Amino acid sequence: MIEMNSQKGFHCFKLLAFWISLTIISLVRCTPPEEHIKCSSSSSNTNCTVTNTYGSFPDRAVCRASQAMYPKTEEELVSIVANATFLKRKMKVATTTSHSIPKLMCPDGENGLVISTKFLNRTVSLDESAMTITVEPGMTLRQLINVCAKSGLTLPYSPYWWGLTVGGILGTGSHGSTLWGVGSAVHDYVVQLRIVTPASSNEGYAKVRTLRNGTDLELDAARVSLGVLGVISQVTLQLEPMFKRSLTYVARNDSDLGEQVTTFGRQHEFADFQWYPSQRKVQYRLDDRVPTDTKGDGFYDAMGFRSTPSLVVALLRSTEETEESLRDAVGRCANGAITTSLLETSRFGLTNDGSIFNKYPVVGYNNRLQSSGTCLDSPQDGLITACPWDPRIKGLYYFQTAVSISLSKVKDFIQDVQKLVSLNPMALCGVDLYNGFLMRYVTSSSAYLGKEEDGLDFDITYYRSKDPMAPRLYEDFIEEIEQMAFFKYDGLPHWGKNRNLAFVGAINKYKKVNEFLKVKQLYDPLGLFSSEWSDQILGLKDGITTMKPGCALEGLCICSQDAHCAPQKGYFCRPGKVYKDARVCTRSQS
Ligand SMILES: Cc1cc2nc3c(=O)[nH]c(=O)nc-3n(C[C@H](O)[C@H](O)[C@H](O)COP(=O)(O)OP(=O)(O)OC[C@H]3O[C@@H](n4cnc5c(N)ncnc54)[C@H](O)[C@@H]3O)c2cc1C
Ligand SMILES: *[C@@H]1O[C@H](CO)[C@@H](O)[C@H](O)[C@H]1NC(C)=O
Ligand SMILES: *[C@@H]1O[C@H](CO)[C@@H](O)[C@H](O)[C@H]1NC(C)=O
Ligand SMILES: *[C@@H]1O[C@H](CO)[C@@H](O)[C@H](O)[C@H]1NC(C)=O
Ligand SMILES: *[C@@H]1O[C@H](CO)[C@@H](O)[C@H](O)[C@H]1NC(C)=O
Ligand SMILES: *[C@@H]1O[C@H](CO)[C@@H](O)[C@H](O)[C@H]1NC(C)=O
């Protein structure tokens, strides 16, 4: 008992150190994220590897490209695509941010080419009367928000993290949270887009296609393209006049969460939820537009997106690793509860004026509340501080399951999760270290690979071991929720997140997939922008999952035999506890 308490005290100390340093660290500069394309011959940019922001793909494989190119204009881009098409070379677009988890930016084969949008980050034009902006695809969300704000305009809904590019956001259908207006996905605000695609020899092997909203049906393929149609070279977005909003987080128990989610999003324009199922607690985000003369200059600098001392992150990571190796559920739950309460005390990073939090509501301009990411800030400090998941430090390393469930089914899903948690209330404490389940509203789209119906997107972040063969504490619970979401409730996976199994059969949930494939055939008949992974998720090739020892631990398969789990460590393939059709790696003595 004494030991338990002192252990709790120690956790508490470490977490406190973490949050205290997070709050003071905004004064300190951090090391910017790494280059994701690295070429062994840097003069010619040949013999390259490409990775994502976590430095690791779902199958942990290394992605190679024989060459990287950095066009500075659309003209150069056309010439690059033409030459590669002439040579029948495989191509992929890579971004400076590279934030997608799956292998979307990886070209196939020995002679693959990656085309970086690094130098395509300018504003092409801004039309104040039409309230539209035309930008190049490598522009980051942060840049976009700032440029629009300078002209008194704003993109009403956006992802919550600055470090994504416009091209990448469209590529995977990224979104913020709302059920209102045109909806939460950036791709639904596209009024025109230019895309460079392969072409026939008499067209010079490449051409620019201009797609306009309301006129060109092909735009509904290009809005969410997974990068397989060609290179988007310009995007025109519909904006609105800048507005203010008023935000309050309110904590409640989760008893009626299933009912609440179906109505709350109609009541509050920017509603979302942070759900801590093991604590039976939810933070409701009451967030609405207010008149621009409402007082307040609020700022949201989300805690998890701040630059953090590498030593503190390493300490957090070791604590998590120790809890895993000792299967210390009590310690994990204590940590989870402390994390939640510290986040709440720090108001998740909200301030009323950019420096101090006094009281709710936090009122401010949309551009200061919609998205954040101060850990992107530049000057080098040799990794004394960094984004918490930076792979160059001993950082956080995790899986992310992101699934949208239609509003008509979401209540039953939530109640199933609650049933599961009631079987072992400690089982989901691990997600509290990552601020619980983030739940955001998503909206049906005309995009062929956009959402089919209005729904609620669940972002679930959880520990991943550096050892692919290591089972995780209560992994059966999260695996069951994952399978329930995708297979019992027909959830749609976020194209830029998730473990491989999430994509099994996913494409069949899109009614317009054939229309998408027709446009792909028209734009890129040789499949030069396609890869094994894109063919697999588009249902053109098998092999999303692979059956091999330990595969279920990493989400590379759904287990069907004990060997797919870790039988030597006591984890066996068993049916789910609530969703009996699930097959999950369960710890048992037998
Ligand atoms: C910390 C963090 C926070 C996140 N927050 C959110 C969030 O709030 N909401 C949300 O929905 N998602 C979120 N995501 C997921 C993220 O939005 C997607 O993974 C997004 O696709 C990443 O954008 P990127 O610019 O890094 O593109 P990449 O991951 O590099 O590329 C994504 C795809 O787009 C293609 N592509 C990129 N540019 C072009 C182009 N010019 N032409 C054609 N194809 C192109 C690429 O080839 C690739 O297929 C988050 C991810 C992280 C790591
Ligand atoms: C390519 O780079 C790898 C390391 O990334 C190196 O091992 C290999 O020798 C290089 N190949 C050539 C042809 O330069
Ligand atoms: C494309 O090929 C032509 C002719 O081989 C060459 O002159 C040109 O530099 C190439 N362009 C690029 C961008 O590689
Ligand atoms: C555009 O990208 C270049 C290269 O990464 C960078 O130096 C420049 O600062 C960027 N422009 C803006 C406005 O961020
Ligand atoms: C695109 O066109 C459709 C149909 O014409 C219209 O309903 C929608 O509002 C337009 N989108 C934008 C962002 O203008
Ligand atoms: C949850 O909160 C409601 C009031 O918001 C209350 O009526 C109910 O008893 C609470 N349930 C539990 C289990 O605490």
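A disulfide is a pair of cysteine sulfur atoms within 2.5 Å.

The structure is a predicted model, in which local features need pLDDT of at least 70 and side-chain atom pairs count only at pLDDT 80 or more, while totals for chains, interfaces and linings use all residues. Residues are numbered from 1 along each chain as its sequence is written, chains are lettered from A and ligands numbered from 1 in the order in which they are written, and side-chain values use heavy atoms, with hydrogens and water left out.

**Exercise 1. Describe the disulfide of Cys375 and Cys387 and the parts that it ties together.**

Step 1. The sulfur atoms of Cys375 and Cys387 are 2.1 Å apart, and the two residues form a disulfide. This is one of seven disulfides in the structure.

Step 2. About the S-S bond the angle is 95 degrees, and the link of Cys375 and Cys387 is right-handed.

Step 3. Cys375 lies in the loop between helix H9 (366–369) and strand E20 (385–386), and Cys387 in the loop between E20 and strand E21 (398–406), so the pair ties together parts that are twelve residues apart in sequence. Helices (H or I, at least four residues) and strands (E, at least two) are DSSP runs, numbered from the N terminus.

Step 4. Both Cys375 and Cys387 are buried. Here buried means under 20% relative accessible area, exposed over 50%, and partly exposed in between, with a 1.4 Å probe and protein chains only.

**Exercise 2. Determine the handedness of the disulfides Cys39–Cys48 and Cys551–Cys557, and state whether their cysteines are buried or exposed.**

Step 1. Cys39 is joined to Cys48 with an S to S distance of 2.2 Å. The torsion about this S-S bond is about 95 degrees, so the disulfide is right-handed.

Step 2. Cys39 has 16% relative accessibility and therefore counts as buried; Cys48, at 0%, is buried as well.

Step 3. For Cys551 and Cys557, the S to S distance is 2.0 Å. Their torsion of about 75 degrees makes this disulfide right-handed.

Step 4. Cys551 is buried, with a relative accessible area of 1%, and Cys557 is buried at 2%.

**Exercise 3. Characterise the packing of helix H6 with helix H10.**

Step 1. Two packed helices are described by the angle between their axes and the distance between the axes. The axes of H6 (residues 257–267) and H10 (residues 410–423) come within 8 Å and cross at roughly 150 degrees. Axes are lines fitted to C-alpha atoms, for helices over the stretch in contact, and angles run from 0 to 180 degrees between N-to-C directions.

Step 2. H6 and H10 are therefore roughly antiparallel to each other. Angles under 35 degrees count as roughly parallel, over 145 as roughly antiparallel, 65 to 115 as roughly perpendicular and the rest as oblique.

Step 3. The contact (heavy atoms within 4.5 Å) involves Leu257, Gly258, Glu259, Val261 and Thr262 of H6, together with Val410, Lys411, Ile414, Gln415 and Gln418 of H10.

**Exercise 4. Locate Thr51 and name the residues that Thr51 touches.**

Step 1. Thr51 is placed in the loop between strand E2 (46–50) and strand E3 (63–69).

Step 2. With a relative accessible area of 16%, Thr51 is buried.

Step 3. Leaving aside residues up to four places away in sequence, Thr51 touches His36, Ser56, Phe57 and Ser98.
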